[in-house]
Amino acid sequence: MSDDFFNFGVTYPSPSDLITFVFGNRRRLDHIAWMVQSNGLVNYEMPTPGVMVSLCQDGDGVALDIGANTGLFSLLLAAANEKLQVHAFEPLAPVRDLLIDNISLNPALAPRIKVEPFCLSRTEGSFPFYETINDQGLVTTSSSLELDSAKQQGSYREHTIATRTLDSWAADAGDPPIALVKCDVEGHEHAVLEGGWKTFSRHRPFIVIEVLGDADVAVHNRFASELGYVDFVLASTTLRHCASIRFHPDGWNHLLVPAEKTARVFKLCRQLGLTLTLG
């Protein structure tokens, strides 16, 4: 196998559960691929990979990878559960091409992963999208609909991309049974929540969502309060239950759990050896 491709094999939640898929690194410019190859998938944004795998193995249905980038989590979810359908949302064409390439490297998984070439937001239309540019030519991981977020990264170029709401997309897709959502859209997460209010309320999925320092957490907290979600910060070897959603320097990813499903958190901790704390 070429040095531009890596065959990832990980075990979740027990040593007997081997999950494998191939992930590319065309021209060796994918920083995510380098990090996973160097440190192992288990340690990438730990404990997020294990949490997502454990939750997606509960049954069938649909998982949404909102902000899929080059497809690491889309492939991981599809590989972890052969009954799961994955929708990977990635609006930026050059990154989306790499996502499609990575999916094609996994012919057994490809039929269950559909690429959605637009952003999810609070409204539908065409809007400026800011592709961040780094001085090493690496694949962007911080592009956003949020101009302030892009400016914090330095250089950027502007594109025009299409947006849809999750509610509209779900209606057109036949209202599929959404079990798990991963949302990492560089500061635009609040708009995804606003545009999917009815869908989240109806399907009650587990949500893994990034909360950065400049996040509009007022929307996050209103969402959690009105829809009955409980917040857990994913901090290395710990799940930290918090009364309100806010930025945590040691845990950018949060797990939002429907209140009626909080017992699943205890099973999750047992499976992955995580400590449950308050904070």
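Ala, Val, Leu, Ile, Met, Phe, Trp, Tyr, Cys and Pro count here as nonpolar, Asp, Glu, Lys and Arg as charged, and the others, Gly among them, as polar. The legends below describe a predicted model.

**View 1. The largest pocket and its lining.** The largest pocket holds about 930 Å³ of space. Its lining comprises 47 residues. Thr140, Thr141, Ser142, Asp184 and Glu186 lie nearest the centre. Helices H1 (31-39), H3 (72-80) and H5 (147-153) each give two or more residues to this lining, as do strands E3 (61-66), E6 (119-120) and E7 (125-133). By class, 22 lining residues are nonpolar, 17 are polar and eight are charged.

**View 2. The second largest pocket.** This pocket has a volume of about 300 Å³. It is lined by 16 residues, and those closest to its centre are Pro94, Glu131, Gly137, Leu138 and Val139. H4 gives the most, with four residues. The lining has seven nonpolar, four polar and five charged residues.

**View 3. The cavity.** The structure holds one cavity of 30 Å³ or more. The volume of the largest cavity is about 50 Å³. Its lining is made up of Glu45, Thr48, Phe73, Lys182, Cys183, Asp184, Val208, Ile209, Glu210 and Asn253. Strands E9 (178-183) and E10 (206-210) give two or more residues each. E10 supplies the largest share, three residues. Four residues of this lining are nonpolar, two are polar and four are charged.

View 4. Asp184 is among the residues nearest the centre of the largest pocket. Asp184 also lines the largest cavity.

Technical notes
Residues numbered from 1 in each chain as written. Predicted model: local features only at pLDDT ≥ 70, side-chain atom pairs only at ≥ 80, totals over all residues. Heavy atoms only, no water. 1 Å grid on protein atoms, 1.4 Å probe; cavity = no way out; pocket = protein on both sides within 12 Å on 5 of 7 lines; lining within 4 Å. Points joined across faces, edges and corners; volume = space filled by probe spheres on them.
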